[in-house]
Amino acid sequence: MDHVRYHEKKRQEVKPTCPQCGLPFPSPQAVTYHWNKEHNPLAAPKQPDPSKSYVCPYDHCDRRYSTGYRLQQHLKSHVGKADCPYCKKHFSSPSAMYHHVSQQHPDKPSPSSRPRKQ
């Protein structure tokens, strides 16, 4: 019971959030890293490598490849994996998706559905 109470208390703790988009993070350092990467107006915009013209078609995946073969190999990483039901991010395993939901969507119920299969 002590173990359960510990995790219940941890779940109810207020997590630091991004002042720009409101995403929760496990630490203030993670908020700073996220803000600098996603919202910092002084950061140079990311320019795609023109030699990598094969682009992954999945939302939330910005991978690019210089050959169709490499893209095909990468696409296999999306098959039979788990999607977040709240933001549709793709994960390599259901446990990674459950972890994401607990960290990024703590106000939402944990998904109980099976991972997608393709």
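Trainee: Which residues are buried in helix H4?
Mentor: In H4, residues 94–104, they are Met 97, His 100, Val 101, Gln 103 and Gln 104. Buried means under 20% relative accessible area, exposed over 50%, and partly exposed in between, with a 1.4 Å probe and protein chains only. Helices (H or I, at least four residues) and strands (E, at least two) are DSSP runs, numbered from the N terminus.

Trainee: What do the buried residues of H4 pack against?
Mentor: Strand E3 (82–83) and strand E4 (90–91).

Trainee: And what is the mean pLDDT of the protein?
Mentor: This is a predicted model, where local features need pLDDT of at least 70 and side-chain atom pairs count only at 80 or more, while totals for chains, interfaces and linings use all residues. Residues are numbered from 1 along each chain as its sequence is written, and side-chain values use heavy atoms, without hydrogens or water. The mean pLDDT (the predictor's confidence in each residue, from 0 to 100) is 80, and 87% of residues reach 70 or more.

Trainee: Over which residues is the pLDDT below 50?
Mentor: Residues 113–118. Beyond near neighbours in sequence, this stretch has 15 contacts (heavy atoms within 4.5 Å) in the model.

Trainee: Why does His 105 count as buried?
Mentor: Because its relative accessibility is 12%. His 105 is found in the segment after H4.

Trainee: What does His 105 touch?
Mentor: Cys 84, Tyr 86, Cys 87 and His 100, leaving out residues up to four places away in sequence.

Trainee: New topic. What volume has the largest pocket?
Mentor: About 980 Å³. On a 1 Å grid over the protein atoms alone, a pocket is an open set of points where a 1.4 Å probe fits, with protein on both sides within 12 Å along at least five of seven lines; lining residues have an atom within 4 Å of a point.

Trainee: How many residues line the largest pocket, and which lie nearest its centre?
Mentor: There are 28, with Lys 37, Glu 38, His 60, Lys 89 and Phe 91 nearest the centre. Helix H2 (28–38), E4 and H4 each supply at least two lining residues. H2 gives the largest share, 5 residues.

Trainee: How many salt bridges does the count come to?
Mentor: The count is 1, taking a side-chain nitrogen of Lys or Arg within 4 Å of a carboxyl oxygen of Asp or Glu. Arg 5 pairs with Asp 2, the closest N and O atoms being 2.8 Å apart.

Trainee: Where do Arg 5 and Asp 2 lie?
Mentor: Both are in helix H1 (residues 2–12), 3 residues apart, about one turn of the helix.

Definitions and conventions:
Grid points are joined across faces, edges and corners, and a volume is the space filled by probe spheres set on the points.
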